[in-house]
Protein chains: 2
Amino acid sequence: MARRTDAAAARPLGEFGRIARYFKPLAAGFAGARGLADDAAVFGVPDGRELVVTVDAMVAGVHFLPGDAAEDVAAKLLRVNLSDLAAMGAEPYAYTLVTALPKDLPEEWLAGFARGLGEDQRRYGIALAGGDSVSTAGPVTLSVTAMGLVPAGQALPRGGGRPGDAVFVTGSIGDAALGLQVAFGTLDVADAEARAHLLGRLRRPEPRTGVGPRLRGVAAACLDVSDGLVADLAHLAEESGCAAVLEAGRVPLSAAARAVVDDDPARLATALTGGDDYELLFSAPVEHRDAVAAVAAEAGVAITEIGRLEAGEAGRVTVLDGAGAPLDLPARGWTHF
Amino acid sequence: MARRTDAAAARPLGEFGRIARYFKPLAAGFAGARGLADDAAVFGVPDGRELVVTVDAMVAGVHFLPGDAAEDVAAKLLRVNLSDLAAMGAEPYAYTLVTALPKDLPEEWLAGFARGLGEDQRRYGIALAGGDSVSTAGPVTLSVTAMGLVPAGQALPRGGGRPGDAVFVTGSIGDAALGLQVAFGTLDVADAEARAHLLGRLRRPEPRTGVGPRLRGVAAACLDVSDGLVADLAHLAEESGCAAVLEAGRVPLSAAARAVVDDDPARLATALTGGDDYELLFSAPVEHRDAVAAVAAEAGVAITEIGRLEAGEAGRVTVLDGAGAPLDLPARGWTHF
């Protein structure tokens, strides 16, 4: 971690002070972080393991709303990265953090942010290894480089699918996209519990860290759903050199999403294309169906078969409605709100 | 690498297009990057090696000037991270990149930035492993997480110095700080070559990657000079539980810096405290002087003895002038311009 002296020692809490107060405690449990006192972290990778490295950045106003709670922002930042590790079949190991913060950011924001990171570090078993903290005249800009471990050669690829594979997804789809409409006030959900569920899934996605590593040797291709179910299935199919069929009627919806879609069936498109789900989408040979069911039981996470890969134009996705007729969706993916 | 579908396919070059055109070629030589097509990079760490991980971020208007050439910004971003690896005694291995860019950033900027990264990747033998590319309403914000390799247990610490150690520095000190004054127009340097030298050292620091790994087993404590020579010596001394003496008259200055300081001796303080030098500052037992000289010869980089560690208040630095009298400096370090 590069550190810089704050010439204005009279300022309440300079970079050194912020690092000491908020970030050093997050690195305390990880010897390789060297107490954030060195120029870099140093740690080993166990024999027979490979390192899996992923990066995700979030910008206020683009990836989260400026009014979102700092704890939620911290949780989402870590979780989208943990979701990428899970999609690779990797176990969480360590992460580095970059914060670019406006000088007038209230210190309570930083305190909440660090608290959120600390809670999720414990929850998911990942340690802060190092980072950099700089100031910006722009919006809060955050990034995490997350490192995981996987037995050598066993990382799950996007492009390992074959025609005939069944396609599965964890959890439920569409909650975050509908939750975003709730947050923006464009979707009115009267039921308080349903409303809280959709918003909660938007703000605190649940990375499937218990599922991903169990899919090693079971799944043929895997990724996490961030762009939208249809777009991400297209990515998986394209990298696998296959076409794909998605049976919309089999896509798992939460009770809250189901109620909203039943009210207005046009909202199914939002669920299928809205993104930010952070569920695992994977293909597996049909003879692995029992193994997939066993993974679901062990991890305590629902896994639903929703389609198949087939020979055809690489990356083409056909979405079928409940009656088996092709469904035309208005958009395949989304850009940032 | 998380990727997101750009709904506005009509836009000239979305995130996918930018990644394909500018970043995929940078990852082409590194199998672990998986062509940036997966959720994460996957690579091994050779037996007996440890991973050294460092992070540095740069924000336009804070760490570089908005008008700086994109190639120079790329070079500086990589080099400040390579300097951290060198300070740990590590060899460069791979890096991840986060770019947060304004939507109206000219594409030539990105092209120049990628060109600068490519040139320095080849120069220093480091590969792009993955990254994320997002948009921002704020200034260009960049960060690199650089990974290096070091034989297990041999990383150079900041805190390994002992009283009696000699203190050494590579290259020359003060060029970047004086170059910044040239860039700002507050220092007038008539000689074109001297001017170019100072500006070049500001914009393209030379990470001492040839020196750092050779200091394993030779240096006791090491860091790179980013905050300023005096402040960074204080860091090294503090982590080592020692006081330090710096002999200002022995600090190596380039011919350009020497001329500027001779014109106005008050500028010596700028050189000693200005920072952004990215030279290696280290301590070694006095019986290692010959080994240090051998490292300098092998690496082809000047290394100069400039002081010593001694028993005393941890982190206290006494700066002596040429006559051996204590020198009072107006500032020990700097914050960002």
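Start with two helices of chain A: α2(A) passes α3(A) in a right-handed crossing (a crossing is left-handed if the near helix is turned anticlockwise from the far one by less than a right angle, and right-handed if clockwise). To find them, select residues 70-87 of chain A for α2 and residues 107-124 of chain A for α3. Helices here are DSSP runs of H or I with at least four residues, strands are runs of E with at least two, and both are numbered from the N terminus. This is a predicted model, where local features need pLDDT of at least 70 and side-chain atom pairs count only at pLDDT 80 or more, while totals for chains, interfaces and linings use all residues. Residues are numbered from 1 along each chain as its sequence is written, and chains are lettered from A and ligands numbered from 1 in the order in which they are written.

Stay with this pair for a moment. Two packed helices are described by the angle between their axes and the distance between the axes. For α2(A) and α3(A) the angle is about 40°, and the axes are 7 Å apart. Axes are lines fitted to C-alpha atoms, for helices over the stretch in contact, and angles run from 0 to 180 degrees between N-to-C directions. The two helices are therefore oblique to each other (under 35 degrees counts as roughly parallel, over 145 as roughly antiparallel, 65 to 115 as roughly perpendicular, and the rest as oblique).

Now show the residues in between. On α2(A), pick out Leu78(A) and Leu82(A), among others; on α3(A), the contact includes Trp109(A), Phe113(A) and Tyr124(A). Residues are in contact if their C-beta atoms, placed from the backbone, lie within 7 Å. By class, this contact has ten nonpolar, two polar and five charged residues (Ala, Val, Leu, Ile, Met, Phe, Trp, Tyr, Cys and Pro count as nonpolar, Asp, Glu, Lys and Arg as charged, and the others, Gly among them, as polar).

Next, colour by chain and look at where the two meet. Here 67 residues of chain B are in contact with 67 residues of chain A. Which strand gives the largest share of chain B's side? That is β2(B), with nine residues. Sorted by class, chain B's side has 35 nonpolar, 17 polar and 15 charged residues.

Zoom in on the join between chains: three bridges link β1(A) to β2(B), running antiparallel. Click Phe43(A) and you'll find its bridge partner, Leu51(B), in β2(B). Elsewhere, β2(A) pairs with β1(B) in the antiparallel sense over four bridges, and there Leu51(A) has Phe43(B) as its bridge partner.

Select Ser172(B), in the loop between β6 and α4 of chain B. Ser172(B) is buried, with 21 other C-beta atoms within 10 Å (20 or more make a residue buried, 12 or fewer exposed, anything in between partly exposed, with C-beta atoms placed from the backbone). Finish at Tyr278(A), in the loop between α8 and β9 of chain A, which has a positive phi of about 55° although it is not a glycine.

Definitions and conventions
Two residues are in contact if their C-beta atoms, placed from the backbone, lie within 7 Å. Two strands pair if DSSP finds at least two bridges between them.
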